[in-house]
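Here's a quick briefing to read with the structure open beside you. Take it topic by topic, and find each residue on screen as you go.

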Amino acid sequence: MRQLGATAIALALAAVWFAAPLGAQLPMANATIFEMTGFIQNATLDNPADPFSGGTLTMNNHLIVIPRYTIFQMPATALTWSELFTKAPAPWGPAQTGLALNDTPKPDFTFEVLVQGNRVIADGNDRYIAGLVFISNLSLQQHQGFISAIDYASGEFTVGGSRVRLNDPAGRFGRAMTHDERFTIDEDNPTVKTETGFPMCLPRTRVDNGADDALCPQGNRPAGKTIFTMGTPAAPTMAERQNPASRTAVLDPWRAAPLEVGDYVTVRGAIVKDARGQYISAYAVDANLGIFTAPGTQPAYVSIDVILMGTGPIDDVTLAQEGAKRTRVEGFTTDFTTPVSISAVDVNPCTGDGVDRLWNVEAIDQGPPTGAVAGRWRFRPGAPLFDLKGFPFLPPTREVHAASVGGAVVTMNGLSAGEYTAPNFEFVLPENRGIGSPIVPGNFETMAFLAQGSGPRGGGFTGQLAPWPGATPPVRNACAVVGPDVKGTSGATVSLDGSQSVAANVPTGAVTFKWTQLSGTSVTLINGNTPSASFTAPTLAVGAPNATLTFKLTVTAAANTAAPVDSRIVTATIAAPPDTVKPNVTTPTTSTTLKRGSPLTLSTTATDNVGVTSVTFIYTYTVNNVPKTGTVIAAKSTTTANSWSGTFTPSTSVPGSTAYTFTAVASDAATNQATSGPVTKTIQ
């Protein structure tokens, strides 16, 4: 029966299948993914006056729309589409990029672009719209070899017959020089380094004439060694940071190590022409050197070499898709005893602040005999230990942060040693399940840095890509950005600052504002429906404790269905009028005559406009022409108002007829003090 049932189902399905016309195509989806790699043929800018302007890109004879607010990745820096033009060197910028085959004059070499986006059909338009853009000289272009010569006069070196210069506009790793700042090295996360991640440099001085570079000292390269551990000198003093030449430590991990003739290096960079011919303008140099730092010490260096990030499936159960869930991060550290944390970096679209979303803490390869490569770490999560379908691996981010659990410190070269932030160059987007099945769209809506923006940049705020690379733009949330907590005084006007929300919401559109008090003495908000409100602080008594009031700003977008957004809580601390009035305190009285070894009760009355907090009796006397003094802490009476008393017992060794002088000192909470008149008693 089971076999007959299965046969019947198969025949029924066959009938349905063949009822459809053979060769019929499914309707074309409104959005389908594309990924293209090719040379830049042409590039245009929509509005040169707009720092976030989009434009167009032609590659492989396809016209691709570059949306407004696009931030794309160069080999070691990120730029807006407008900056691709404005930062172009002469004779191209700011009207041309100097990277397109159609530019005038035509560039000497080709430049590669990788675009991931969606083909979108909407409102009668059929357009290729970019979501992610990566531009390079050639992404796989590199060369390797031994450094055969270093020209310290010009700041370049030779690798296998090829001239190489560091494209280092700020002079972080060598002489400040650049042919094109768009192809710069990474000034903050060393791209000139050893395989272990230790920063390398090319001396800025004439080392061949005996002039050492204090930030790239020869003492950091022991002769004949390619694998060694740095020393453990003390951290640099402020004087040494201001005058690096005063630091004499050798094998100093606080400073970079110089490249030398004989080093085997991998060089990546654009080919450039000058009067002498061609050279490589390098944005990355990796030296085959094993420089380590002492276990458990600072600074230790971390680097990232590989990032692969899956974006997960599209939120649509009707699509036959294969959601990409692969994630991988690999790198090195100079301290193979200290683990490294790996995190995605979530960026607040309203403030630009980055927050680590921890993925894992990874142990370091110890090297032989128990390991493979000393200093290497690999994070390759997979089932069943890791679920890559959701948090914390999704949503995808633009950058990944690796950090030594030992912490980070700033070196003399200005690097934050112990951490490394790298952009992701490889997002794995969803794919259609099965050959011939409908093409799925790219899920760019899962990428907050595209859907919401990345915060302030260049005086403005980034926003959602426009036009959106998809059938339906996601909701762009409003921004509620407030200033710091505030302080005020009793009865004074106190301002609440949400003015940054105005610029932050330019990408959002029209919004409404509302300030709300959350706690504290109730006050009336003035202009409470504007970005910046104010109120009159409550009146406090002189010397009263500070009052604390809390508020929040709620911003609601008018043009979409996004929920209202609340700011962080703003705390207003209100200070009472200062108490400058000293207490009143009477001359001490005594209970009995003063006798050696017998207790004597000292009493006084102390009053204050706010309240006396303490009374101390001070006594002085002279023995053998030597002045002496002491104190007695008074206690407040529980029965008599404003009365304070303490007990004093003279020493039995004090000579007879010794005179003691007593005074009382009263203090209040504002540290005001008053001293009474004296009273003198003689030992009987």
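**A glutamine in a loop**

Gln452 has its place in the loop between helix H4 (448–451) and strand E31 (456–457). Before you zoom in, keep in mind that this is a predicted model.

- Is Gln452 buried or exposed? Its relative accessible area is 11%, and buried means under 20%, so Gln452 counts as buried.
- Gln452's side chain gets to the backbone oxygen of Val475, at 2.9 Å.
- Val475 is also among the residues that Gln452 touches once you set aside those up to four places away in sequence; the others are Pro349, Thr462, Gly463, Gln464, Arg476 and Asn477.

**An aspartate in another loop**

- Look for Asp335 in the loop between strand E21 (327–333) and strand E22 (340–347).
- Asp335 has a relative accessibility of 2%, so it counts as buried too.
- Which residues does Asp335 contact, leaving aside neighbours within four places in sequence? They are Thr293, Ala294, Pro295, Gly296, Thr297, Ala300 and Ile364.

**Aromatic rings**

- How many aromatic pairs does a search of the whole structure find? It turns up 22.
- Take Phe72 and Trp81: their ring centres are 5.8 Å apart and their planes are at 70°, so this pair is edge-to-face.
- Both partners count as buried, with Phe72 at 1% relative accessibility and Trp81 at 0%.
- Tyr619 and Phe662 make a tilted pair, with 6.3 Å from centre to centre and 50° between the planes.
- Tyr619 belongs to strand E43 (residues 612–623) and Phe662 to strand E47 (residues 659–668), so their pair ties together parts that are 43 residues apart in sequence.
- Tyr619 and Phe662 are both buried.
- Tyr619 and Phe662 also belong to one aromatic cluster, together with Tyr621, Phe648 and Tyr660.

**An antiparallel sheet**

- Four strands make an open sheet in the order E23-E22-E25-E28, and the pairing is antiparallel.
- At the edges you'll find strand E23 (354–362) and strand E28 (419–423), each pairing on one side only.
- On average, neighbouring strands of this sheet are turned by 25° against each other, direction ignored.
- Strand E25 (residues 399–404) pairs with E28 over five bridges, in the antiparallel sense.
- Which residue in E28 does Ala402 stand opposite? That's Tyr420.

**A mixed sheet**

- Another open sheet of four strands has the order E24-E21-E19-E29, and here the pairing is mixed.
- Its edge strands are strand E24 (376–379) and strand E29 (427–428), and each pairs on one side only.
- Strand E19 (residues 302–310) runs parallel to E29, and two bridges join them.
- Met309 has Phe427 as its bridge partner in E29.

Note on methods. Residues numbered from 1 in each chain as written. Predicted model: local features only at pLDDT ≥ 70, side-chain atom pairs only at ≥ 80, totals over all residues. Heavy atoms only, no water. Phe/Tyr/Trp six-rings, centres within 6.5 Å; stacked < 30°, edge-to-face > 60°. Buried < 20%, exposed > 50% of the residue type's maximum accessible area, 1.4 Å probe, protein only. Polar contact = N/O pair within 3.5 Å; in protein donor to acceptor, adjacent residues only side chain to side chain. Contact = heavy atoms within 4.5 Å. Pairing = 2+ DSSP bridges. Axes fitted to C-alpha atoms, helices over the stretch in contact; angles between N-to-C directions.
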